[in-house]
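Here is a short report on one protein chain.

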Amino acid sequence: MPVQYSIQANVVDIRHDLPKPDDAFLIDTNVWYWMTYNRASQTDRPPRSYQVNDYPAYISKAISVKARLHRCELSLAELAHLIERTELEIFAKASGFDKNKKKEFRHNYPLERANILAGIQTTWGQIKSMAAPVEAMVNETTADAALARFQTQLLEGYDLFILEATAKAGIVQVITDDGDFATVPGIQVFTSNKRVILAAQNQNKLVTR
């Protein structure tokens, strides 16, 4: 069954938008992953062609006009998880290893662990060179705010905290392929996700700048 998005954000189709010098974008973790991790396409569920083409192209345009790019430090944890999972899947396909044995892979194959670490370091280094940090203070107040957001907005755990961090920083523009962000009021979602764009168009939430 297709996802039925209730669009609350203003949605911008990046295929038909030009970044502006006064834009300030938070870039979601998956977009960073597709842009900076050179083995992302070797996972069991490789990214689609638009995901590896549209987002890097738009971000390159943003850099060229000197728009501000931001990262959330919580993305490091999510990226580390994605990279480790990808390397496990690559290793399993090449060797016949059972990819469900994550702990064995993590502890019993030090060379693979070293490769994972190198991948994470390289990827995060690229991200740091392109984007300024949004500090993510995870304390009781933040957790309570995230839990309150969880009651009305259809987001997963990482995204709840990322949105709290960006809200505190006054950033409302998010480059993401994740349709969950489109359910959040008060932000602008910059995306190439056709389902989100169509839903936004049907609900009068697709905007042209």
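## A buried threonine

A residue counts as buried when its relative accessible area is under 20%, and as exposed when that area is over 50%. Thr-123 has a relative accessible area of 2%, so Thr-123 is buried. The model is predicted.

Thr-123 sits in helix α5. What does Thr-123 touch, leaving aside residues up to four places away in sequence? Its contacts are Thr-36, Tyr-37, Leu-79 and Ile-83.

## Overall fold

The protein chain holds eight helices and six strands. In sequence order they run β-β-α-α-β-α-α-α-β-α-α-β-β-α. The radius of gyration is 18 Å, close to the 17 Å from the globule rule for 209 residues, so the protein chain is as compact as a globular protein of that length. The C-alpha trace spans about 50 × 40 × 40 Å along its principal axes.

Of the 209 residues, 45% count as buried. Take the contacts between residues at least 6 apart in sequence: 75% of them join residues at least 24 apart.

## Helix α5

Helix α5 covers residues 110-130. Its 21 residues, at 1.5 Å a residue, should span 30 Å. The end C-alpha atoms are 31 Å apart, which agrees.

Which residues of α5 are buried? They are Glu-112, Ile-116, Gly-119, Ile-120, Thr-123, Trp-124 and Ile-127. Down the axis of α5, these buried residues fall within an arc of 120 degrees, so they line one face of the helix. An α-helix has 3.6 residues a turn, so residues three or four places apart point the same way.

The other side of α5 carries exposed residues: Pro-110, Leu-111, Gln-121 and Ser-129. The cover over the buried residues of α5 includes α1 (29-36), β3 (68-72), α3 (75-95) and α4 (102-108).

## Salt bridges at Arg-209

The whole structure contains nine salt bridges. Side chains of opposite charge can pair when their charged atoms come close. One of the salt bridges joins the side chains of Asp-17 and Arg-209, at 2.9 Å from N to O. This pair links distant parts of the chain, 192 residues apart. Asp-17 is in the loop between β1 (10-13) and β2 (24-27), and Arg-209 is in the segment after α8 (194-202).

Arg-209 also meets Asp-23 in a salt bridge, at 2.8 Å from N to O. Asp-23 lies in the loop between β1 and β2 and Arg-209 in the segment after α8, so this pair ties together parts 186 residues apart in sequence.

Arg-209 counts as partly exposed, at 35%.

## A charged pair between two loops

Asp-44 and Lys-99 form another salt bridge through their side chains, at 2.5 Å from N to O. Asp-44 lies in the loop between α1 and α2 (49-64), and Lys-99 in the loop between α3 and α4, so the pair ties together parts 55 residues apart in sequence.

Both ends of this pair are partly exposed. Asp-44 has a relative accessibility of 33%. Lys-99 has a relative accessible area of 36%.

## An exposed glycine

Gly-96 is placed in the loop between α3 and α4. Is Gly-96 buried or exposed? Its relative accessible area is 64%, and the cut-off for exposed is over 50%, so Gly-96 is exposed.

How far is Gly-96 from Thr-86? The two are 10 residues apart in sequence. In space they are 15 Å apart, C-alpha to C-alpha.

Conventions:
Residues numbered from 1 in each chain as written. Predicted model: local features only at pLDDT ≥ 70, side-chain atom pairs only at ≥ 80, totals over all residues. Heavy atoms only, no water. Helix = DSSP H or I, 4+ residues; strand = E, 2+ residues; numbered from the N terminus. Expected span 1.5 Å × (residues − 1). Buried < 20%, exposed > 50% of the residue type's maximum accessible area, 1.4 Å probe, protein only. Arc of directions from axis to C-beta. Contact = heavy atoms within 4.5 Å. Rg over C-alpha atoms; globule rule 2.2 N^0.38 Å. Salt bridge = Lys/Arg side-chain N within 4 Å of Asp/Glu carboxyl O.
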